[in-house]
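I opened this model to look up its charged pairs and its sheet. My entries follow in the order I made them.

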Amino acid sequence: MAAAAGGASSAALRVTQRPGKAVIGHRGPLLRRGSVRLGEATAEPRRFRFAEAGGGRREALTLRVPEVPDRRYGLYVWPCAAVLAQFVWSRRGALPGRRVLELGAGMSLPGMVAAKCGAEVLLSDSEELPQCLENCRRSCLMNDLPHVPVIGITWGRMSPELLSLPPVDIILGSDVFFDPKDFEDILTTVYFLLEKNPQAQFWTTYQVRSADWSIEALLYKWKLKNTPVPLHSFSADKEHLAGSSLPGRHTIEMMIISLARSDGT
């Protein structure tokens with residue numbers, strides 16, 4: 001099965017590693033046409049095309065990202081990004097004028113979809129990963145989005161950049177729940193942003209990796225609630241999205257996190 005359709009509670013973050021998936025490694029020293037050198041790695045444009053019939057006409061959006069085909073870099077389009085970008089595309093009618101912040105943007109695919117759909121987007125990644133920040137900028141330039149700001153925000157750190165952020169309506173995060181040691185730092189940052197922007201929502205996708213991982217206690221601690229979003233509700237319950245081979249056979253879940261009411265709901 002491709003991406004799971006959200007039957008289980010999304011707060012469970014449960015996972016099964018799928019056998020037989022090839023690990024992407026170096027492709028050797030050959031520079032292909034259209035590729036760019038990023039430090040010691042080679043970035044090659046990867047194409048994503050979002051399309052859907054609507055309003056009596058065929059709407060479509062094509063984006064390219066300068067992907068580094070090596071998972072040791074934070075410069076690779078992971079399956080969760082394609083799923084979250086598909087969700088953003090499915091909500092494009094509500095995006096013009098909305099203020100969107102993407103956390104841990106990396107390749108910035110969901111954020112760029114939001115920007116192309118009329119949102120006011122701010123991209124961020126760890127201030128400790130300048131190569132990722134530079135790649136956010138390269139992605140924007142490659143897709144004629146030079147006006148989209150890119151800033152350094154490290155999860156769990158109350159930096160001047162975080163404290164001085166303008167108001168936001170939507171926070172994006174694809175595969176940010178990757179390492180359990182980062183879970184509380186992520187939710188601390190999200191809670192801070194939602195406290196400042198009580199009507200905002202955190203749209204996030206994650207890959208199921210371990211049955212032992214859970215954010216339920218952390219959601220309760222930080223007075224947050226999660227709402228699972230079934231993948232079939234936005235046509236993401238398939239192995240291929242946006243003209244790409246993602247998400248493949250990985251199990252992906254989506255949820256929306258927001259502030260809980262005083263009664264815990």
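**Entry 1: a pair within a helix**

I began with R137, which is partly exposed at 36% relative accessibility. I count a residue as buried under 20% relative accessible area, exposed over 50%, and partly exposed in between (1.4 Å probe, protein chains only). The model is predicted, so local features need pLDDT of at least 70 and side-chain atom pairs pLDDT 80 or more, while totals for chains, interfaces and linings use all residues. Residues are numbered from 1 along each chain as its sequence is written, and side-chain values use heavy atoms, with hydrogens and water left out.

R137 forms a salt bridge with E134, and their closest N and O atoms are 3.8 Å apart. For a salt bridge I require a side-chain nitrogen of Lys or Arg within 4 Å of a carboxyl oxygen of Asp or Glu. E134 is partly exposed too, at 34%. Both residues sit in helix α3, three residues apart, so about one helical turn separates them. Helices (H or I, at least four residues) and strands (E, at least two) are DSSP runs, numbered from the N terminus.

**Entry 2: pairs across the chain**

How many salt bridges does the structure hold? I find 13.

One of them joins R157 and E127 at 3.2 Å, N to O. R157 is in the loop between β6 and α4 (160-163) and E127 in the loop between β5 and α3, so the pair ties together parts 30 residues apart in sequence. R157 is partly exposed at 35%. E127 is partly exposed at 32%.

Next I checked D175 and R209: a salt bridge, with the closest N and O atoms 2.8 Å apart. D175 lies in the loop between β7 and α5, R209 in the loop between β8 and α6 (216-221), and 34 residues separate the two. Are they buried or exposed? Both D175 and R209 are buried. I also noted one network, in which salt bridges that share partners join R98, R99 and D169.

**Entry 3: the sheet**

What is the strand order? I read β6-β5-β4-β7-β8-β10-β9, an open sheet of seven strands with mixed pairing. Two strands pair if DSSP finds at least two bridges between them. β6 (150-152) and β9 (224-228) each have a single partner strand, so one side of each lacks a neighbour in the sheet. The twist averages 25° from one strand to the next. Angles run from 0 to 180 degrees between N-to-C directions, with axes as lines fitted to C-alpha atoms, for helices over the stretch in contact.

Then I followed β8. Strand β7 (residues 170-174) runs parallel to β8 (residues 201-207), and five bridges join them. G173 stands opposite T204, and S174 has T205 as its bridge partner. Helix α2 (residues 109-116) packs on the sheet and touches β4 (99-102), β5 (120-125) and β7, its direction making about 165° with that of β5. Contact here means heavy atoms within 4.5 Å. Helix α3 (residues 130-142) packs on the sheet as well, touching β5 and β6, at about 170° to the direction of β6.

β8 also pairs with β10, antiparallel, over six bridges. Q207 has I252 in β10 as its bridge partner. Six of the seven residues of β8 are buried, so the rest of the structure largely encloses this strand.

**Entry 4: after β10**

My last stop was A260, in the segment after β10 (252-259). A260 is partly exposed, at 22% relative accessible area. The C-alpha atoms of A260 and L224 are separated by 4.7 Å, although the two residues are 36 apart along the chain.
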